[in-house]
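Here is a short walk through one protein model. Keep the sequence and the 3D view open as you read.

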Amino acid sequence: MNLEVKRVWTDDNCVYAESTEGKVASYAFADWPRLANATKAQREDFYLSPCGIHWPQIDEDLSFSGMFDRTSEPVSYKLETLLDA
């Protein structure tokens, strides 16, 4: 999948990503235990990689491909796994 994400944001319930093509995808925090139990400040403290979103305070990673490819289950990766690839 050739996917470019131009922005990511959060609200009280979800994380959202918008592609350069204008498509918006989201994950509910409730689907991810670390995000569900995180504070608002921890959820807002993230950075982007070419593959997805990383929350350093809670050590959680979500992939953009999982967000935009709704034919598959959500995918969560450990940062170490991405770095070893």
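Start with the salt bridges. A salt bridge here is a side-chain nitrogen of Lys or Arg within 4 Å of a carboxyl oxygen of Asp or Glu. By this rule the count comes to 5. Before meeting them, note that this is a predicted model, in which local features need pLDDT of at least 70 and side-chain atom pairs count only at pLDDT 80 or more, while totals for chains, interfaces and linings use all residues. Residues are numbered from 1 along each chain as its sequence is written, and side-chain values use heavy atoms, with hydrogens and water left out.

Find Lys6. Its partner is Glu18, and the closest N and O atoms of this salt bridge are 3.6 Å apart. The pair links distant parts of the chain: Lys6 sits in strand β1 (residues 5-10), Glu18 in strand β2, and 12 residues separate them. Strands, like helices, are DSSP runs numbered from the N terminus; a strand (E) has at least two residues, a helix (H or I) at least four. Is Glu18 buried or exposed? Glu18 is buried, with a relative accessible area of 12%. Buried means under 20% relative accessible area, exposed means over 50%, and partly exposed lies in between (1.4 Å probe, protein chains only). Arg7 belongs to this picture too: Lys6, Arg7 and Glu18 are linked in a network of salt bridges.

Now move to Lys40. This residue forms a salt bridge with Asp12, with 3.9 Å between the closest N and O atoms. Again, distant parts of the chain are linked: Lys40 lies in helix α2 (residues 40-44), Asp12 in the loop between β1 and β2, 28 residues apart. Lys40 is exposed at 53% relative accessible area. Asp12 counts as exposed, at 53% relative accessibility.

Lys40 has another partner. Glu44 forms a salt bridge with Lys40, and their closest N and O atoms are 3.9 Å apart. Where do these two stand in helix α2? They are 4 residues apart, so about one helical turn separates Glu44 and Lys40. Glu44 counts as partly exposed, at 45% relative accessibility.

Next, look at the sheet. Strands of a sheet pair through backbone hydrogen bonds, either parallel or antiparallel. Here, 3 strands form an open sheet in the order β1-β2-β3, with antiparallel pairing. Two strands pair if DSSP finds at least two bridges between them. The edge strands, β1 and β3, each pair on one side only. From one strand to the next, the twist averages 15°. How many bridges join β2 to β3? There are 5, and the two strands run antiparallel. Tyr16 stands opposite Ser26 in β3.

Turn to the inside. A nonpolar core is a set of buried Ala, Val, Leu, Ile, Met, Phe, Trp, Tyr and Cys residues joined through side-chain atoms within 4.5 Å. The largest one has 16 residues, and Val15, Leu35, Ile53, Trp55, Leu62 and Met67 touch the most other members. Elements giving two or more residues to this core are β2 (14-19), β3 (24-28), β5 (52-55) and α3 (64-68). Helix α3 gives the most, with 3 residues.

Finish in that helix. Gly66 has its place in α3. Gly66 counts as buried, at 1% relative accessibility. From Gly66 to Tyr27 is 39 residues in sequence, but 9.3 Å in space, C-alpha to C-alpha.

Key:
Axes are lines fitted to C-alpha atoms, for helices over the stretch in contact, and angles run from 0 to 180 degrees between N-to-C directions.
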